[in-house]
Amino acid sequence: MMGVGSTDAAPAAASLRGMRVVVTGAGGQLGGFLVPALAAAGATPVGFGSRPGPGGAVPVDVTDEAAVLAAIAAARPDAVIHAAAYTDVDGCERDPARAEAVNGAGSAHVAAAAVATGAHLVAVGTDFVFPGDGGAPYAEDSPPAPLSAYGASKLSGERAVLAASPGFAVARTAWVWGGPGKHFPRTVVRTLRDRGEMEVVADETGCPTHAGDLADALVALLAVRAGGIVHLTNAGRATRFALARAVAVAAGLDPASVRSTTTEAFLARYPLPARRPADSTLANTRAAGLGIRPRPWDEAVSAHVPALAAELGLAASPR
Ligand SMILES: NC(=O)c1ccc[n+]([C@@H]2O[C@H](COP(=O)([O-])OP(=O)(O)OC[C@H]3O[C@@H](n4cnc5c(N)ncnc54)[C@H](OP(=O)(O)O)[C@@H]3O)[C@@H](O)[C@H]2O)c1
C-alpha cells in the first residue's frame, strides 16, 4: 500500500497548507509517495508525468524546454519538486546523450521555468555523483566525480539547478525502494520465493532509502525552504548483502539463503555497462541540522517488507 513513511517531520504539515506544488516524475517510484505526502501536508500537488498517467498527471517531456515552461506557467506553482529522471543506470551508459538530455538539460529546463514563474525548486539528486572509492561517508561539499553516464548527467542537472538560483535545493538520495514497481527488496523477495536462494554482492555499500520516508523528508525540506545541496537518506549504511538478508528476515524467509559474493565475481557472470560506486554512503549532516532525521534503513525494511512479502504470496510473519 502507498502511504507516507516515517520521518521526524511534524512541522511540515502546517507550513505547506495552501501551497501548489508541481511534482515531475509523479508516475515514478518516488512520485507515487510524494503526491500523497504533499496532500497529507496540506499542499495541492500537481503531478507531471512523461505521459498521461494514473491520477490525471499532466504529460510533460522535460527534454522539451518550451513545453516545460508552458506547463509550469499554467500550473502556477509555489514550488516544484523535480523527481523525473532517466534512472536506468545501464541504459544511461548505453545512451549518454539521452541521459544528458533528460537528467542534465531536462533539469535546466525545470529550473529555468521555476525562475520564470517565481516558484521554489527542490530537485532530487543521487549518491552516484560520487566515485565511492574511499571518501565515504560523503558530505554535501565533498567533491563529486561520477563513474557513470547516469552520475555525470545527474551532476550536470544539479549544477544547472544551483546555477539557476542559489536558493534552489538539490536533495541527493540513494538506493530508493518501495511501492508497486521494480526495486531491490522486491527482487530479493521474488528471487528467494522462486529460486530459494540468491547471491548478493557484499562489497557495495550505500544508504537504502524507503521512497515514503524520502517523500516525507522532501516535504519537510520544502517546508523549511533551505537552498543548496542536502543529503537525504534513511539513517545508517548497509552492503547490498546486508540489505538482502534484512529483507529476507522481514519477509519471514531464511537469511542464510542469501549468500555473499563479490562485484568482480558477479560482473564476470552478469556483465553490466555502468560502473557503480563501491561505497557511496552519504552523511545527512545538513538535514539533521534542519531537524529532518529519517529513521534507520532497517526500521523501514521491517515496516514495509512484510506487506511486500504478502503481496508476493508469502506468509508475512517475520522470523
Ligand atoms: N531509484 C533510486 O535508487 C534512486 C537513487 C538516487 C537518486 N534517485 C533519484 O530519485 C528521483 C526519483 O527516482 P525514482 O526512483 O522515482 O525513479 P523512476 O521510478 O524511474 O521515476 C522517474 C520518473 O521520471 C519520468 N521521466 C523519465 N524521463 C522523462 C522525461 N523525459 N520527461 C518527463 N518525465 C520523465 C519517468 O516516467 P516514465 O516511466 O513514464 O518514463 C518516471 O515516472 C530521480 O531524480 C532519481 O535520479 C533515485
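Mentor: Contact here means heavy atoms within 4.5 Å. Please also keep in mind that this is a predicted model.

Trainee: With that in mind, which residues does Ala283 touch, not counting residues up to four places away in sequence?

Mentor: Ala283 touches Pro137, Tyr138, Glu140 and His231 on that basis.

Trainee: And where is Ala283 found?

Mentor: Ala283 is in the loop that runs between helix 10 (263-269) and helix 11 (285-289).

Trainee: Pro137 was among the residues it touches. Where is the place of Pro137, and what kind of peptide bond joins it to Ala136?

Mentor: Pro137 belongs to the loop between strand 5 and helix 6. The bond joining Ala136 and Pro137 is cis, with omega about 0°. As background, most peptide bonds are trans.

Trainee: What about backbone angles: what is phi of Trp175, and where is that residue placed?

Mentor: Phi of Trp175 is near 45°, a positive value in a residue other than glycine. Trp175 lies in the loop between strand 6 (169-173) and strand 7 (176-177).

Trainee: Changing topic to helix packing. How far apart are the axes of helix 9 and helix 12, and at what angle do they pack?

Mentor: Helix 9 (residues 240-250) packs against helix 12 (residues 297-311) at an angle of about 40°, and their axes are 8 Å apart. That angle makes helix 9 oblique to helix 12.

Trainee: Is the crossing left-handed or right-handed, and which residues make the contact?

Mentor: Helix 9 passes helix 12 in a right-handed crossing. Helix 9 contributes Ala242, Leu243, Ala246, Val247 and Ala250 to the contact, while helix 12 contributes Trp297, Val301, Ser302, Val305 and Pro306.

Trainee: How do the residues of that contact divide by class?

Mentor: Nine are nonpolar, one is polar and none is charged.

Trainee: How far is Ala242 from Ala283, in sequence and in space?

Mentor: Ala242 and Ala283 are 41 residues apart in sequence, and their C-alpha atoms are 19 Å apart in space.

Trainee: What lines the largest cavity?

Mentor: The lining has 13 residues, and Ser107, Val124, Lys154, Gly157 and Glu158 lie nearest the centre of the cavity. Helix 5 (96-117), strand 5 (120-126) and helix 6 (149-164) each supply at least two residues of the lining. Helix 6 gives the largest share, four residues.

Trainee: And by class?

Mentor: The lining of the largest cavity has six nonpolar, five polar and two charged residues.

Key:
Residues are numbered from 1 along each chain as its sequence is written. This is a predicted model: local features need pLDDT of at least 70, side-chain atom pairs count only at pLDDT 80 or more; totals for chains, interfaces and linings use all residues. Side-chain values use heavy atoms; hydrogens and water are left out. Axes are lines fitted to C-alpha atoms, for helices over the stretch in contact, and angles run from 0 to 180 degrees between N-to-C directions. Angles under 35 degrees count as roughly parallel, over 145 as roughly antiparallel, 65 to 115 as roughly perpendicular and the rest as oblique. A crossing is left-handed if the near helix is turned anticlockwise from the far one by less than a right angle, and right-handed if clockwise. Ala, Val, Leu, Ile, Met, Phe, Trp, Tyr, Cys and Pro count as nonpolar, Asp, Glu, Lys and Arg as charged, and the others, Gly among them, as polar. On a 1 Å grid over the protein atoms alone, a cavity is a set of points where a 1.4 Å probe fits but cannot get out, and a pocket is an open set with protein on both sides within 12 Å along at least five of seven lines; lining residues have an atom within 4 Å of a point.
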